[in-house]
Amino acid sequence: MAQAVLQPEDACVLVSFTDGTSARYPYIWLRDNDPAGFHPDTQERVTDLSAIPPDLTAASVAISGSHLIVHWQDEAQSSSRFDLAWLRAYVPGTRASDPAHTGFQSWRSDLGADGIPRVAAQEVLTSDRMLRDWLEQTQIIGLSIVEGLADTTEAGMEVARRIGFLRQTNFGVTFEVKSKPNPNNLAYTPIALPLHTDLTNQELPPGFQFLHCLANEAVGGGSLFCDGYAIAEDLRDQDPESFELLSTVSVPFRFHDHETDIRNRKKVINLDEEGRVIEICFNAHLADIFDLEPALMQRYYRAYRQFMIMTRSPEYLVTLKLKGSEMVVFDNRRILHGRDAFDPQTGYRHLHGCYVDRGEFESRLRVLHRTA
């Protein structure tokens, strides 16, 4: 059976579980996470941490069935009761399991267009299990294709809304990718678009992008993709100085037209606390005038240029030409996308797009793991 002992010298409770593992739980942490301190309906914390003395002391501890009982000394609330399975799931110093964190599979050109996961629209619209499996595949690879969509602008949005709320930007809740007069964005022209991530000028660039192909009859107009995580990791190995500059120095990005002027600073490569790549912000067309010190400018330009060259290397590139009724879905803060130039005189090309943020995407995955 499980055992528990006080460690007053460290202000902790040491719990030894039946599987042979053990863990230390600080007194203040236990008191702050007392189940009685959470609202029974909303499960939000209602404990007032400021009312708990920082030198809180436990008088005794015991195991009762499947629970740990801690008796507090000189506390208005004399004891706290914790489920042992809950304690095992939330060991201090260890990140709790999260079904939305699927991990990532980096890829290069050898993925090929045939390696991109595909799913039928009807399956994700009608089956929670298929939706969950598709979301996991899309997050792991960063890219997938939905097939069999109806020939309406609502069809792609219906799939996106199966995940969560659509993200509104200065381009609207949705946007049309087609050649049109007086464009305020290069996407609305027929010229080639080098690989990039969207809206790096935003405080928080959109998460997953949905591009539903309604027509792609023009000569040219092929879609280009590469895995920004793979490029960043290769840069870390091959050119540590450039990786360091791009992951520590921010530069300005800006979008402006007659109605808006949206600016923000971003690092091209963003890392988590463990140094893992978690986000790419790269858009040469939205880069504002770099304002770095002259001594740093030359070194930074070298790194920035090297990253750009790598995005155009065949080593990383996957190309395909979307067909009507297909929709490509990708993580806009990981996967760089672009397109070949096309000739609007040879046929019509029309994509309808929208965004769903990463938070919505991950929330849906967690809920589906409970229900699907």
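Trainee: Which residues does Arg-366 link up with in a network of salt bridges?
Mentor: Asp-98 and Glu-362; the three are linked in a network of salt bridges. A salt bridge here is a side-chain nitrogen of Lys or Arg within 4 Å of a carboxyl oxygen of Asp or Glu.

Trainee: Before we go on, what are the ground rules?
Mentor: This is a predicted model, so local features need pLDDT of at least 70 and side-chain atom pairs count only at pLDDT 80 or more, while totals for chains, interfaces and linings use all residues. Residues are numbered from 1 along each chain as its sequence is written, and side-chain values use heavy atoms, with hydrogens and water left out.

Trainee: OK. How many salt bridges does the count come to?
Mentor: 24 by this rule. Take Arg-334 and Asp-227: their side chains meet at 2.9 Å, N to O.

Trainee: Where do those two sit?
Mentor: Arg-334 is in the loop between S19 and strand S20 (335–339), and Asp-227 is in strand S13 (residues 223–227), so the pair ties together parts that are 107 residues apart in sequence. Strands are DSSP E runs of at least two residues, helices are H or I runs of at least four, and both are numbered from the N terminus.

Trainee: Is Arg-334 buried or exposed?
Mentor: Buried, with a relative accessible area of 0%. Asp-227 is buried too, at 0%. The cut-offs: buried is under 20% relative accessible area, exposed is over 50%, partly exposed is in between (1.4 Å probe, protein chains only).

Trainee: And Glu-273 with Arg-95, buried or exposed?
Mentor: Both are exposed. Their side chains form a salt bridge at 3.0 Å, N to O. The pair links distant parts of the chain, 178 residues apart: Glu-273 is in the loop between strand S16 (269–271) and strand S17 (277–280), Arg-95 in the loop between helix H2 (84–89) and S7.

Trainee: Which residue does Asp-128 bridge to?
Mentor: Arg-162, with the closest N and O atoms 3.0 Å apart. Asp-128 lies in helix H4 and Arg-162 in the loop between helix H5 (153–161) and S9, so parts 34 residues apart in sequence are tied together. Asp-128 counts as partly exposed at 32% relative accessibility. Arg-162 is buried at 18%.

Trainee: Switching to the sheet. What's the strand order?
Mentor: S7-S8-S19-S11-S22-S9, six strands in an open sheet with mixed pairing. Two strands pair if DSSP finds at least two bridges between them.

Trainee: Which strands stand at the edges?
Mentor: S7 (118–120) and S9 (174–177). Each has a single partner strand, so one side of each is left without a neighbour in the sheet. The twist averages 25° from one strand to the next.

Trainee: How do S8 and S19 pair?
Mentor: Antiparallel, over four bridges, with S8 at residues 143–147 and S19 at residues 327–331. Leu-143 has Phe-330 as its bridge partner in S19.

Trainee: What packs on the sheet?
Mentor: Helix H4 (residues 128–141), touching S7, S8, strand S11 (208–216) and S19. Its direction makes about 140° with that of S8. Axes are lines fitted to C-alpha atoms, for helices over the stretch in contact, and angles run from 0 to 180 degrees between N-to-C directions.

Trainee: Now the core. How many residues are in the largest one?
Mentor: The largest nonpolar core has 52 residues. Such a core is a set of buried Ala, Val, Leu, Ile, Met, Phe, Trp, Tyr and Cys residues joined through side-chain atoms within 4.5 Å. Leu-246, Tyr-300 and Phe-307 are among those with the most contacts inside it.

Trainee: Which helix gives the most to it?
Mentor: H8 (residues 294–311), with seven residues. A second, separate core of 24 residues includes Val-119, Leu-135, Val-146 and Leu-149.

Trainee: How does H8 pack with H7?
Mentor: At an angle of about 100°, with axes 9 Å apart; H7 is residues 240–248. The two are therefore roughly perpendicular (65 to 115 degrees). Leu-245 and Leu-246 of H7 are among the contact residues, as are Tyr-300 and Phe-307 of H8. Contact means heavy atoms within 4.5 Å.

Trainee: Last one. Where is Asn-283?
Mentor: In the loop between S17 and H8. Asn-283 counts as buried, at 5% relative accessibility. Not counting residues up to four places away in sequence, Asn-283 touches residues including His-196, Phe-253 and Tyr-304.

Methods: Parallel < 35°, antiparallel > 145°, perpendicular 65-115°, else oblique.
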